[in-house]
Amino acid sequence: LEHVLAAKLTSAMSSWWCCACTNQPGDELFVPDRDVLVEASCVLADREPVSVGFVTTSELPSKLGTLCLSSDSLPSTADTTCSDLAECSTSNAPSTPSMEKSAQSMFDDHNTPIGGERAAEEGRYADRAPDVRSALSSNELAAVLALKGELGEAGVEAVHDILVEGEALESCLLRFLKPKSFYVSRAAKSLRAHLTWCASTKPADLAELTPGEICGCTEELLDRYLPTWHQGYDRQGRPVVFSHYGKFRFGPVLEAGVTVEKILQLHIRNSECTARLCGRQSIKLGRDISTALIVMDVEGLDPNSLRHRCAFEWIRGLAKIDQEHYPERLGQVLIINAPSCLHYFYKSISWTLPQKACSLVRIFGSRATWEPVLLELVDASELPPQYGGSGPTLTLMESPSQ
């Protein structure tokens, strides 16, 4: 079976795609050389792609069924199709323990740690990042392995270079796989675009700058009109980030020479700082922490600021940055002290956001509605008095390295 697949699907295997012209939607294809996700798509534009199929080590004997691995039972490789493979898998040749053991060993050999480059790759951040791989489901692990294969050694090395301290490679790959419904090729395309963006935007360098250095204005101006700060951690260990958007005013900020582009760069800088906080928590707690709790206080919001010509450009930019470059970083968003006009504004822009992101957003009006929810998520010692806690009152978000 391995010989047939190698002969017929050599080019497709290199990119983890199989052209399944002879298969119908819903058919599954299984690659017998590792636990791997196989995306099968049709070469005809009017065909629906066949469903994603998985094979795991424990499922292998039943998937192979009574397949005889004798070369005499295989069809000629010259005219082999996916239908031929299906016929092979349903042949009446008897199954033997040695056959199952041999097939099983193809997976076990691949998953056995070895020295050299693979050991260096897997162990590069082992002393700092938690063990994420052992917590993955078989499907998630298969998808991660497939994405590594799609990216290649150079691509995986490039991803390693952008990881924040404490972030496991598997955690990063999963963050790009989940929004793409685990379609490996789509996740790889998105990740490559992100790597290009990192090379040009240099978010790690932005994280080392102060908000004033990025925007070219005083810290007092930003603290007055766009305060964002890190306020401890919630009960799950996630960083808690507050943004008091109710104080935000476009007019004075733009008059000071701060452009929308600079405000978006500030958002990138804060997102990168939050990622570093997640990495630190992962090291401290010994488990993967990849999301944050965001609290947006909109008390004092000026409805006219939402009508400013730059408002939609700003919100679209925020959504684009979060979707394309910080996927799955949003654990939960609480919008508190929200006036009725904000509900209408959020409704008008929610169509630009992913459905999952919208499901993580909760909007509250009065203090009586949001304070119990916030205290349920965050211990009072982590919150400042104005938010129902006993912790310190902090100001502009600092870089973790600062």
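Among contacts in the chain between residues at least 6 apart in sequence, what percentage join residues at least 24 apart? The share is 72%, where contact means heavy atoms within 4.5 Å.

This is a predicted model, with residues numbered from 1 along each chain as its sequence is written. Local features need pLDDT of at least 70, side-chain atom pairs count only at pLDDT 80 or more, totals for chains, interfaces and linings use all residues, and side-chain values use heavy atoms, with hydrogens and water left out.

**Figure 1. Overview of the chain.** The secondary structure comes to 19 helices and seven strands. Helices (H or I, at least four residues) and strands (E, at least two) are DSSP runs, numbered from the N terminus. Of the 402 residues in the chain, 48% are buried. Buried means under 20% relative accessible area, exposed over 50%, and partly exposed in between (1.4 Å probe, protein chains only).

**Figure 2. Two nonpolar cores.** A nonpolar core is a set of buried Ala, Val, Leu, Ile, Met, Phe, Trp, Tyr and Cys residues joined through side-chain atoms within 4.5 Å. The largest one has 40 residues. Ile-263, Val-298, Trp-314, Ile-335 and Leu-342 have the most contacts inside it. A second, separate core holds 25 residues, among them Leu-145, Val-159, Cys-172 and Ala-188.

**Figure 3. Packing of α14 on α16.** Helix α14 spans residues 260-285 and helix α16 residues 311-325. They pack at an angle of about 30°, with axes 10 Å apart. Axes are lines fitted to C-alpha atoms, for helices over the stretch in contact, and angles run from 0 to 180 degrees between N-to-C directions. The crossing is right-handed; that is, the near helix is turned clockwise from the far one by less than a right angle. From α14, the contact uses Val-260, Ile-263, Leu-264, His-267, Ile-268 and Ser-271. From α16 come Glu-313, Trp-314, Gly-317, Leu-318, Ile-321 and Asp-322. Seven of these residues are nonpolar, three polar and two charged. Here Ala, Val, Leu, Ile, Met, Phe, Trp, Tyr, Cys and Pro count as nonpolar, Asp, Glu, Lys and Arg as charged, and the others, Gly among them, as polar. Beyond its neighbours within four places in sequence, Trp-314 contacts Tyr-245, Phe-250, Val-260, Ile-263 and Leu-264.

**Figure 4. Helix α8 and Leu-177.** Nine of the nine residues of α8 (residues 169-177) are buried, so the helix is largely enclosed by the rest of the structure. Charged residues in this buried set include Glu-170 and Arg-175. Leu-177 lies in α8 and has a relative accessible area of 0%. Neighbours within four places aside, Leu-177 contacts Ala-143, Val-144, Leu-147, Phe-182, Val-184 and Ala-187. Leu-191 is 14 residues from Leu-177 in sequence, at 9.2 Å C-alpha to C-alpha.

**Figure 5. The two sides of α17.** In helix α17 (residues 340-349), Leu-342, Phe-345, Tyr-346 and Ile-349 are buried. Seen down the axis, they fall within an arc of 100°, so they line one face of the helix. The arc is that of the directions from the helix axis to the C-beta atoms. On the other side, Ser-340, Tyr-344 and Lys-347 are exposed.

**Figure 6. The loop between β4 and α13.** His-244 is found in this loop, between β4 (239-243) and α13 (250-255). His-244 is buried, at 11% relative accessible area. Residues up to four places away aside, His-244 touches Pro-227, Trp-229, Asp-297, Glu-299 and Tyr-387. Gly-246 sits in the loop between β4 and α13 and is buried at 1%. With the sequence neighbours up to four places away left out, Gly-246 touches Asp-297, Val-298, Glu-299, Gly-300 and Leu-301.
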